[in-house]
Structures are given as structure tokens and as C-alpha cells.
Amino acid sequence: MIWGIFKRDMCHATRNVIAVIVSMGLVVVPALYAWFNIAASWDPYGNTKALKVAVANNDKGYKSDLIPVRVNVGETIISTLHANDQLDWQFVKSDKAIDGVKSGEYYAAIVIPKGFSADMMTLFSPDIKHAQLKYYLNEKINPIAPHITDQGATTVVNTIDKTFAKTIAQVGLDLASSILHYSQSPQMAEYMRNLNGNLTTMADTLSGASQQVTSYSQLLGSANDIVDSTGKLLASATKAGKQAQNALKQGKSGATSFTSAGANVTSSVNTALDQVSGAFDQVAAKVNKAFDAIGKDSDTAASQLATLSEQISSGESLYDTYITSLNHMRESVEQLPDSDSAKQALLEAIDREITLLEAAKGDSQKLAQQLKDASTQVTQDTAAAERSRKEILNRITSAKQSISNVRDDYTTNVKPKIDALASTVSTLISQTDSMITQLSGTVDNLDDVTGDVGTNVTSIRSTLGAIAKKLDSSAATVKELITKLETGGNAGDGNSDGGDGDNDADSGESDELRALATANASTLSTLISAPVALHRVSVYPIANYGSAMAPFYTILSIWVGAIILCAMLKVTISDREKAHVLGLGDTLPRIAGPSGPGNASRWGLRLDHEYFGRYAIFALLALLQGTLVCLGDTYFLGVQANHALQFLAVGWLAALVFSNIVYTLTVSFGDIGKAVAVVLLVMQVAGSGGTFPIETLPKFFQMLYPFLPFPHAIDAMHAAMAGSYGNEYLLDMVYLSLFLIPSLLLGLVLRKPVIRLNNWVSRNLESTKVM
């Protein structure tokens with residue numbers, strides 16, 4: 001029965017030329033639909049150079065002290081885009097670019113603002129600004145064009161970033177290379193020799209300063225000895241005073257003791273004055289050394305001068321002590337009888353000695369003040385310091401002369417008068433006791449003064465010792481630096497003997513720097529600007545965009561072909577055809593009842609015979625459609641198909657499944673079934689994942705995805721084209737075949753209850769005379 005129906009359908013389809021042309025059209029139209037769409041989308045992103053994008057450069061450029069070259073990033077962008085054919089770049093003014101986007105002349109426009117270069121160069125300032133391009137886009141012209149022009153704009157931004165980073169890196173590498181080459185030049189070698197010489201001089205100066213500080217400490221020790229001698233002198237004077245008191249009781253023997261004590265005092269005074277004079281000589285020498293250090297170590301020289309000023313100031317009490325003693329002596333002499341001829345001469349000698357001591361004290365005070373002033377001038381004004389040096393040396397000479405005058409006057413005038421006084425001591429015995437008592441009080445006070453001076457001198461000498469150690473340490477550090485510079489120079493010249501591990505490390509670092517600087521700066525700067533390169537590894541590669549879209553359009557065209565078959569061919573069998581198949585003539589007997597499915601079942605033509613008999617021609621034409629479209633994809637368009645037979649098998653299976661589904665819907669529900677087939681088509685276009693990944697679609701389509709035939713057919717065709725992972729191809733073919741089960745179930749079993757309903761719907765539609 002099935003074969004009989006199919007044979008008569010084939011005879012009718014080939015009876016005349018029009019039937020053959022229509023049959024051929026039913027086979028060709030779906031293929032044309034697929035081929036047209038595949039060819040149109042073969043390489044859409046390779047033809048983007050026809051898209052017009054305007055570029056306007058308003059950049060004014062930038063020049064700074066850091067980079068003494070005028071930088072204009074906008075001009076660099078324009079030069080780069082001239083060599084870029086990704087889009088049709090139009091270089092116009094900003095006003096025309098913006099107006100062209102609004103009018104639709106340009107798909108997009110990029111405007112480079114005036115301060116673009118300046119904003120780029122804020123990278124080197126604390127106030128960093130983000131350089132921005134203005135991007136104008138007309139989104140209403142085409143839904144895809146904005147995305148393509150966005151890629152072009154992104155390309156421009158990436159080009160700017162890479163170019164900027166490359167330029168900065170290349171400048172840095174060129175600078176490093178220049179520095180390295182300069183460091184190896186004879187001029188640099190001469191600079192290094194001069195530097196070593198200056199450092200050597202500095203080390204010697206520090207060592208000399210340490211020796212000077214040590215000498216100052218020794219000088220203070222000598223001054224301390226003077227203080228100690230003064231203390232001993234005063235102690236001797238105290239002892240002499242007590243002896244003189246005893247001498248008052250012993251008469252002439254006391255006078256002899258007084259004379260002896262005077263001689264001792266004279267000897268002690270001469271010794272003390274000689275030591276003071278010698279100390280001034282040492283002070284002059286140290287002052288010269290301190291001033292010689294100015295310019296090399298001014299701070300140390302200032303500290304030394306300040307210390308000498310304080311020490312000289314603290315020694316002024318020695319003059320006060322002698323003056324006080326002479327005043328006490330004068331008071332005692334004044335108590336002598338006026339008749340004594342030696343009284344007036346001795347008073348005059350004492351007054352002259354006091355005057356000379358006060359002058360010497362004044363010179364010492366001025367010397368201390370000048371040293372103090374010089375200590376502040378050495379760090380401020382070298383010329384003024386030199387004038388102070390001369391004045392201090394002159395003041396030291398003057399102080400020495402004052403001491404000499406005191407000593408000479410004491411020897412010439414005071415001492416003879418004291419000797420003369422010994423001859424008249426008898427007249428002074430009555431007044432000597434009071435003078436000795438006053439002298440004892442003075443001695444006690446001077447003991448306290450000399451004790452404090454000794455303590456201060458000890459503390460200062462300790463401080464000077466610490467300073468000398470620091471100076472020695474600084475000198476050693478400078479000498480170590482000289483050694484390292486010499487070693488580094490040898491390593492840089494390649495003359496190091498490699499005997500020291502540090503030298504080897506320095507040599508290795510120098511070699512690495514030399515290798516970096518001598519490398520290709522352009523290559524290194526390119527690497528720094530784009531350190532990561534994307535190495536694309538294609539898994540199951542697809543030749544082009546057209547091949548990638550071929551499964552979707554091929555499967556879609558096969559479904560469209562199934563709908564066209566049901567629209568052009570009848571799905572029901574007339575009673576006349578049933579009678580001819582059954583051999584009953586042109587009509588069925590009246591007992592068959594109204595025309596409709598299953599009305600010839602009593603003569604052996606069952607419902608399933610009618611279903612498969614008429615479907616046979618549908619299946620044949622569908623297979624022809626699938627064969628033509630798949631062969632055309634492979635051999636006409638050149639779509640990639642690594643497994644051509646598998647590719648063709650997917651087309652065949654899809655043609656059978658889709659034609660059966662659409663045929664069943666039409667047989668079961670008539671024109672309503674055709675509408676349902678169109679609805680299914682629309683749903684599968686959106687939810688098949690053929691264009692966008694299914695994960696990017698709304699949740700509803702993601703849930704619907706496994707229950708549609710399109711996704712499985714497309715996946716099977718992808719596997720046939722590019723390769724299959726495991727049993728991927730077979731599984732998709734099985735899933736696609738499973739859709740025949742509900743389709744056959746509906747066409748053979750569930751169709752019976754709705755036959756009357758379908759007949760009633762058809763009669764009502766026909767009664768409208770419109771549908």
C-alpha cells in the first residue's frame with residue numbers, strides 16, 4: 001500500500017514540465033537560502049575597511065625640561081592610522097567629524113583634544129591626569145557597525161599605549177647606553193682619576209684634622225699643667241705666708257724666710273709666665289692649622305676655634321688672681337711707715353705691674369672673642385675668615401708681648417723692689433700679719449677656681465679624643481671608598497683578576513649592564529611596551545567566519561525546505577487516489593463514507609499506510625534538499641568539512657527528522673500545524689546557539705535548548721567539519737534521531753483522536769471563503 005501511494009505520487013510529480021520545475025524548485029530553493037546567507041557572511045570582519053570613521057587631531061603637543069623634545073602624540077596617532085587599513089579612516093576637522101557622525105556619513109569619529117600630549121606627559125609629575133580621546137558613535141545606522149568601530153577605537157587606544165610605553169622605554173635605554181659608552185671614554189677615566197685624587201686629599205685632610213684635635217688636647221693638657229703649677233704656686237704662697245707668720249715671732253730669721261719666699265715666688269711667677277708664653281705659641285700654630293682646614297672641613301675647624309676661645313676665656317681668671325694678689329700686696333705696702341724710702345718706689349712698681357696684667361688680660365679677652373667670632377665665620381665667609389686669621393695671629397703676638405712686658409717689668413722693677421723691701425722688713429713686720437691673712441683667703445678662692453678649671457680641661461680633652469677617633473674613622477671610610485672605586489674601574493675595564501668574590505659580582509653586574517645597553521634599543525623597548533604576546537592555539541580550527549556560520553544556515557535552510565514542501569504538496573490522499581491504489585476504479589464505494597483519513601481501512605488501506613505512503617515523497621525531496629545544500633556548501637562555497645561524508649550524513653538525518661516533524665504537524669493539525677512549524681522555526685533561530693553561545697541567551701532559552709532539534713544538528717555538523725571529541729558526533733546524531741519518536745507517535749497514534757476535530761476546523765475555515 002505504501003509503495004503504491006509513493007509510486008503514483010512520483011508519476012504525478014513527473015507528469016509534465018511544470019511539475020518537474022516545481023519539484024526542482026522545492027529542492028533548490030532551500031539550498032539557495034543557505035548559500036546566500038553563508039556567502040554573505042563569509043568574511044564580514046575582513047571587509048571593515050569600507051566603514052568610514054573620522055579622525056580629528058586638535059593636539060597642540062607638549063615640551064618640558066625633562067624631555068627637551070617636542071612631543072605630539074596626536075601626530076603619532078595620525079601617522080599610525082595612515083598605515084592602518086582596518087577601517088576607512090577619514091582625516092578631517094573636528095566640526096566636520098562630529099557633524100558627519102550625526103548625518104550618517106561616518107559610522108564613528110575620534111577627536112584628539114588639545115591637551116592630549118600634555119595629559120600623557122603628566123606621568124612624570126605628581127598630578128597625573130588620564131589622557132582621554134573623544135569617541136562619537138552613530139548607533140542607529142547598523143546594529144553590528146558600532147561593535148566593529150569600537151574595535152577600531154580600541155585599536156587606536158592600544159596603539160597609543162604601546163607607542164607611548166615604547167618611546168619612554170627607548171629613551172631610557174638610549175640614555176643608559178650613552179652613559180655606559182661615556183663611562184668607558186678617556187674623559188670619564190680622567191674624571192675618575194681626579195675623583196680619586198680629591199678623595200685621597202680628603203682622607204689626608206681628615207687624618208690631619210685628627211692629629212690637630214689630638215694636639216689641641218695636648219695643648220689643653222699643657223694649660224692644665226699651668227693651672228696645676230699656679231695651684232702649687234698658690235699653695236707655696238700659703239705655706240710662705242704661714243712661715244712669714246712664724247717669722248714675725250722669730251724676728252730676723254722671719255725676714256730671711258720672707259726673702260726666701262719672695263725668691264720662690266719670683267721663680268714660680270717666671271715659670272708660669274714662660275709656660276703661658278709657650279702656650280700662646282702652640283695656640284698660634286693650632287690656629288694656623290685650623291684655618292688651613294677651612295674649605296675642606298669647615299665644621300671641624302669652627303669647632304676647634306670655638307674650643308680654643310672657651311679655653312682662653314677660662315684662663316682669664318689667672319690674671320685676676322695675680323692682680324688680686326698684687327692689690328693685697330699693695331695694701332700691705334701702704335701700711336709701711338711713710339719714712340721708708342722703698343715704700344713709694346714699691347707701690348709704683350706694683351701699680352705698673354697691675355696695669356700691665358690688666359692689659360695682658362684685655363688682650364686675652366679680645367683673643368678669645370676673635371676666636372669665637374672666627375668659629376662662626378669659617379662656615380659662612382671664607383674671605384672674612386682669612387681676615388680673622390690675621391687679626392687672631394696679631395692678637396696672639398700682642399698677648400705674648402703683654403706677657404713679656406709683665407715678666408720684664410716684674411724682673412726689672414718689682415723684684416728689685418721686693419729685694420730692697422727685705423732690708424726694711426723690720427718696719428713691715430707689724431703690718432705683714434694682716435696682709436698674710438688676706439692672702440690666705442685669696443688662696444682659698446683661687447684653689448676652687450683652679451679645681452674647676454682642671455675638671456673642665458679633663459672633660460674637654462675627653463671630647464677632643466672622641467672627635468679625633470671619629471675623624472680617623474671618616475678617613476678610613478674615604479680610603480675604603482677609594483679602594484672600591486679603583487676596584488670597580490678595573491672590573492669595568494675587564495682587568496680584574498677575579499681574586500675577590502665581590503669584584504666578580506661587580507664585574508658580572510657591569511657585564512649585564514653593558515649587554516643591556518649594547519642590545520637593540522628598539523627591540524627592547526617594543527618588548528617593554530608589550531611584554532606579553534598572545535600565542536593563539538586553535539582547538540578544532542575553523543577556516544573562516546562563513547564556515548563557522550554554515551551549520552546554522554544549513555540546518556535552518558533544511559527546516560525551511562520542510563515547511564516549503566508542506567506548503568506546496570498535499571499531505572492528505574484523495575478518495576480517487578485511494579481507489580486507484582486499492583484497484584477499485586476511480587471512486588471508493590459509498591460505504592466508505594465522507595472523504596478523510598482512514599475511510600478506506602475496511603479495504604486494507606490503514607491510516608499508517610496513508611501516513612507513510614504520502615510521506616515517502618516528502619522524505620525523498622527532503623533528502624534531495626539536504627544533499628544539495630550540503631554538497632553545495634562543501635564544493636561550491638568551499639565550506640570547511642574535514643569529514644565530508646559525516647557532514648552529508650548530518651544533512652540527510654536532519655532532512656528526514658525535520659520533514660517528518662513538519663509533515664506530522666501538518667497531517668495532524670492541517671494549516672494550524674504549518675503555523676506551529678513556523679513558530680518552532682522562530683524559537684530555534686533564537687535558542688539554538690548557532691550565532692551566540694547559549695550561555696549568553698536568556699534563562700528561558702537556556703532551559704529550552706536541550707529540547708530543540710536545531711542545537712543537536714548544528715553540534716553534529718560542527719563535529720563533522722572540525723573534528724569530534726570522543727563520541728560527540730555519534731551522541732548528537734542519536735539525540736537528533738530521538739525527535740522522530742514523538743513525531744511518529746503523534747502521526748500514528750495520537751493523530752486518530754484529533755482527526756474529527758481537524759476535519760471540523762477545516763470545514764469551518766473553508767466556510768469563511770477566505771481561509
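Which residues in α2 meet which residues in α18? I opened the notebook with that one, keeping in mind that this is a predicted model.

**Entry 1: α2 and α18**

I listed the α2 side first: Ser23, Leu26, Val27, Val28, Pro30, Ala31, Ala34, Trp35, Ile38 and Ala39. Across from them, in α18, I found Leu621, Leu624, Gln625, Leu628, Val629, Gly632, Asp633, Phe636 and Leu637. Sorting this contact by class gave me 15 nonpolar, three polar and one charged. Next I looked up the geometry. The α2 and α18 axes come within 9 Å and cross at roughly 35 degrees. I noted the crossing of this pair as right-handed.

**Entry 2: α19 and α23**

I then moved on to α19 (residues 644-669) and α23 (residues 728-738), whose axes come within 10 Å and cross at roughly 15 degrees. Angles under 35 degrees count as roughly parallel, so I wrote down α19 as roughly parallel to α23. The crossing of α19 and α23 is left-handed. From α19, the contact uses Gln646, Ala649, Val650, Leu653, Ala654, Val657 and Phe658. From α23, I have Tyr729, Met733, Leu736 and Ser737. By class, I got nine nonpolar residues, two polar and no charged ones for α19 with α23.

**Entry 3: the largest nonpolar core**

Which residues touch the most other members of the largest nonpolar core? I found Ile555, Trp559, Phe618, Phe658 and Tyr663, out of 62 residues in that core. The elements giving two or more residues to it are α1 (2-13), α2 (17-40), α16 (545-568), α18 (607-637), α19, α20 (671-687), α22 (709-722) and α23.

**Entry 4: Phe658**

Phe658 had turned up in the α19 contact with α23, and again in the core, and I wanted its neighbours. Leaving out residues up to four places away in sequence, Phe658 touches Ile555, Ile558, Trp559, Ala562, Pro709, Phe710, Ala713 and Leu736. Leu736 is also one of the α23 residues in the contact with α19.

**Entry 5: Thr412**

Is Thr412 buried or exposed? I have Thr412 down as exposed, because its relative accessible area is 51% and the cut-off for exposed is over 50%. Thr412 sits in helix α12 (residues 382-423). Last, I looked up a pair: the C-alpha atoms of Thr412 and Ala349 are separated by 9.4 Å, with the two residues 63 apart along the chain.

Technical notes:
Residues are numbered from 1 along each chain as its sequence is written. This is a predicted model: local features need pLDDT of at least 70, side-chain atom pairs count only at pLDDT 80 or more; totals for chains, interfaces and linings use all residues. Side-chain values use heavy atoms; hydrogens and water are left out. Axes are lines fitted to C-alpha atoms, for helices over the stretch in contact, and angles run from 0 to 180 degrees between N-to-C directions. Helices (H or I, at least four residues) and strands (E, at least two) are DSSP runs, numbered from the N terminus. Angles under 35 degrees count as roughly parallel, over 145 as roughly antiparallel, 65 to 115 as roughly perpendicular and the rest as oblique. A crossing is left-handed if the near helix is turned anticlockwise from the far one by less than a right angle, and right-handed if clockwise. Contact means heavy atoms within 4.5 Å. Ala, Val, Leu, Ile, Met, Phe, Trp, Tyr, Cys and Pro count as nonpolar, Asp, Glu, Lys and Arg as charged, and the others, Gly among them, as polar. A nonpolar core is a set of buried Ala, Val, Leu, Ile, Met, Phe, Trp, Tyr and Cys residues joined through side-chain atoms within 4.5 Å. Buried means under 20% relative accessible area, exposed over 50%, partly exposed in between (1.4 Å probe, protein chains only).
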